[in-house]
Amino acid sequence: MADKMQKIEELARRRGFFWIGSEIYNGLSGFYDYGHLGASVKRNWENLWREYFLGINANFVEIEPAEVMHEKVFIASGHAESFVDPITKCKKCGNIERADHILEEVLKKNFEGLSAADMSKLLKKHKIRCSKCKGPLEEVGIFNMMFPLEVGVENPQKAYLRGETAQGVYVNFSRVFEQLRKQLPMGIAIVSRVFRNEISPRNLLIRMREFTQAELQIFFDPDCIKDHPDFSSVKDYELRVFPVNGRASGKIENIKCQDLAGRLPKFYVYYMTLVQKFYIDVMKIPLKFFRFRELSDEEKAFYNKYHWDVELDMSIGWKEVGGVHYRTDHDLGGHQKVSKKDMSVSIEGKKILPHVLELSFGVDRNVFALLDLFYDEEKDRTVFHFPRMLAPYDCAVFPLVSKDGLDEKAEEVRTLLRKRFSVFYDDSGSIGRRYRRIDEIGVPAAVTIDHQTLEDGTVTVRDRDSMKQERVEIGLLKEYLEKFLNTHSS
Ligand code: GAP
């Protein structure tokens with residue numbers, strides 16, 4: 001539904017969610033700037049993520065390492081060699097595209113992970129030509145997505161803009177372990193920018209060249225992978241999954257954790273439940289839009305033993321927004337080898353090179369998913385039915401008219417609310433028009449000050465979703481809104 005995408009893009013630009021970066025110079029492909037509304041939704045998402053995932057365990061913390069890192073970091077991690085995408089060039093117009101994307105476009109199937117040679121064969125077999133000029137395509141080659149840098153002037157040091165936040169955690173693992181309780185499991189999170197020289201950035205915030213990740217690396221004793229101390233509390237919880245062996249049928253299955261635990265380690269399954277609960281219970285994503293997609297051996301990232309993506313069903317189809325990655329000791333082992341620093345820890349006399357379970361999320365894709373899934377065109381209005389905690393403003397304050405002392409009273413109410421809530425204030429135009437304007441940016445509640453307010457000290461609170469209004473005493477307004485924002489509209 002490209003049409004919906006275009007409408008969201010237009011609204012996002014016009015009202016202040018996001019737009020192409022360097023816009024006055026015709027934009028820079030793959031880079032986006034967030035406006036005041038988008039930055040607010042993104043911040044809300046990040047803060048809920050932090051609250052939820054760092055709240056899992058007292059031994060989970062957040063750090064903020066540098067985004068530019070030594071080239072050896074990515075030699076050790078394998079990114080310098082393996083962080084590649086397949087590309088093909090048009091022999092006629094020179095256009096370069098991702099080979100798997102061209103195949104997907106034409107054959108309507110996912111080809112991620114297929115070898116370059118196999119992709120070349122498929123392009124030939126199906127006589128696929130350049131999507132721009134229909135010219136013939138070259139053999140498929142590979143392209144490394146890391147952004148290299150030279151740091152300093154004299155004898156410049158080779159470095160990279162990091163392509164994932166995870167490496168910022170691994171290189172700091174030993175230090176943070178010493179600073180915390182020297183216990184496993186230990187979790188280290190980063191919510192920050194990463195950079196990838198994507199060949200064909202597209203679909204707005206879905207495929208960018210600079211984006212934000214929220215990633216939690218959980219370090220644990222590999223002997224503990226088979227179980228989790230709290231597994232019994234989730235054993236009957238149903239995960240919504242799309243496994244490799246069920247792909248042909250296209251059917252999404254609901255599997256109880258205890259049944260999935262026959263195929264995957266319980267430690268892994270336990271964290272899948274936490275991720276699903278985050279989407280369903282915290283982000284309020286309707287279950288039908290959510291699934292875990294298992295990646296085949298060819299599709300898995302080079303560092304993963306188990307790899308299930310979190311996908312949401314948007315207007316452009318199912319899109320990956322996160323993943324649960326069992327990275328084993330791939331990264332600590334790699335850094336130990338290249339840096340020659342011992343990355344193992346000693347717990348009760350046992351020497352352990354911890355394994356890592358990574359919970360990885362793309363913040364921008366999740367923000368886009370909110371815009372896409374909660375966008376609605378209703379009779380007489382366009383509205384974002386965002387979950388209330390994620391909306392760009394908590395509430396709006398409107399004087400019915402800006403005279404008769406209503407505007408002064410409205411200012412008073414605004415000042416009262418501002419200490420606790422983010423408040424949008426507007427005193428111009430008809431009240432109906434003002435409601436439409438805040439519906440369009442998803443503000444969940446509108447507080448209106450009318451003539452009755454001056455008589456009995458009550459205001460009306462309008463619910464964005466039901467459009468119903470209730471009269472509330474100003475003295476009880478903060479408490480009312482607090483409860484309102486913490487409840488999900490049905
Ligand atoms: N540390 C693991 C890792 O980076 P990934 O699957 O490459 O794994 C994690 O990326 C998440 O980052 C993805 O699930 C997706 O949400 C987001 N992401 C990846 N590439 C992106 C891009 N080009 N633009 C926006 N988000 C992206």
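Analyst: Helix α2 and helix α10 (residues 266–282) have axes that come within 11 Å of each other and cross at roughly 135°. Helices here are DSSP runs of H or I of at least four residues, strands are E runs of at least two, and both are numbered from the N terminus. Axes are lines fitted to C-alpha atoms, for helices over the stretch in contact, and the angle runs from 0 to 180 degrees between N-to-C directions. The angle therefore makes α2 oblique to α10, since under 35 degrees counts as roughly parallel, over 145 as roughly antiparallel, 65 to 115 as roughly perpendicular, and the rest as oblique. The crossing of α2 past α10 is right-handed, that is, the near helix is turned clockwise from the far one by less than a right angle.

This is a predicted model, so local features are taken at pLDDT of at least 70 and side-chain atom pairs at pLDDT 80 or more, while totals for chains, interfaces and linings use all residues. Numbering starts from 1 along each chain as its sequence is written, and side-chain values use heavy atoms, without hydrogens or water.

α2, which spans residues 36–54, also packs against α12 (residues 363–373), at about 115° and with the axes 10 Å apart. That angle makes α2 roughly perpendicular to α12. Here too α2 passes in a right-handed crossing.

Another pair is α13 (residues 406–418) with α16 (residues 477–486), whose axes lie 10 Å apart at about 55°. This makes α13 oblique to α16, and their crossing is right-handed.

Next, the ligand. Its shell has 20 residues, with Glu164, Met208, Glu215, Glu320 and Glu358 the closest; a residue belongs if one of its heavy atoms lies within 4 Å. Strands β11 (210–220), β16 (317–328) and β19 (355–362) each give at least two residues to this shell, and β16 has the largest share, five.

Ligand oxygen atoms have a polar side-chain atom of Glu320 at 2.6 Å and a backbone N or O atom of Gly362 at 3.1 Å. A ligand nitrogen is 3.2 Å from a polar backbone atom of Ile206. Of the 550 Å² of accessible area that the ligand has on its own, the protein covers 94% (Shrake-Rupley method, 1.4 Å probe).

Two backbone details sit in loops. Leu184 and Pro185 are joined by a cis peptide bond, with omega about -5°, and Pro185 is in the loop between α8 (173–179) and β10 (186–195). Lys127, a residue other than glycine, has a positive phi near 50°; its loop runs between α6 (116–125) and β7 (141–144).

Note on methods:
Polar contact = N/O pair within 3.5 Å; in protein donor to acceptor, adjacent residues only side chain to side chain.
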